[in-house]
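Biologist: I would like to go through this model and ask what lies behind each label. Please show it first.

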Amino acid sequence: IFCRFPKMSTSVPQGHTWTRPMKKEDEEEDPLDQLISRSGCAASHFAVQECMAQHQDWRQCQPQVQAFRDCMSEQQARRREELQRRKEQANAHR
């Protein structure tokens, strides 16, 4: 799973840092953000981020985390199938 969450300390609650910095025009987009955007799972990823910002406790965000995990798993399975199909087509043309 592709998530960027700092390790949560159970002893001292910390404030969240879930705001996205404004991107300058000449900056490249983060490769992880690009991957998530291309996956079709951006909405569920943002839901996890919003939940984390609201609750500041990943344990309260398990439905959102599971939905994101499921979405990414489905996307990865589709990608594997597509790569396998391309490989078979390439081998058939030889």
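Modeller: A helix here is a DSSP run of H or I with at least four residues, and a strand is a run of E with at least two. This is a predicted model. Over residues 41-73 the chain is 79% helix and 0% strand.

Biologist: What does the UniProt record place at residues 41-73?

Modeller: The unreviewed UniProt entry gives the feature "domain: CHCH" there.

Biologist: What makes cysteine 41 and cysteine 71 a disulfide?

Modeller: The sulfur atoms of cysteine 41 and cysteine 71 are 2.0 Å apart, and the cut-off is within 2.5 Å, so the pair counts as a disulfide. Cysteine 41 sits in the loop between helix 1 and helix 2, and cysteine 71 in helix 3, 30 residues apart.

Biologist: Why is cysteine 71 called buried?

Modeller: Because its relative accessible area is 19%, and buried means under 20%. Cysteine 41, at 1%, is buried by that rule too.

Biologist: How do you know that cysteine 51 and cysteine 61 form a disulfide?

Modeller: Their sulfur atoms are 2.1 Å apart, and a disulfide needs them within 2.5 Å. Cysteine 51 lies in helix 2 and cysteine 61 in the loop between helix 2 and helix 3, so the pair ties together parts 10 residues apart in sequence.

Biologist: Why is the disulfide of cysteine 51 and cysteine 61 called left-handed?

Modeller: The torsion about its S-S bond is about -95 degrees, so the disulfide is left-handed.

Definitions and conventions
Residues numbered from 1 in each chain as written. Predicted model: local features only at pLDDT ≥ 70, side-chain atom pairs only at ≥ 80, totals over all residues. Heavy atoms only, no water. UniProt positions renumbered as here; feature names shortened; annotations may be inferred. Buried < 20%, exposed > 50% of the residue type's maximum accessible area, 1.4 Å probe, protein only.
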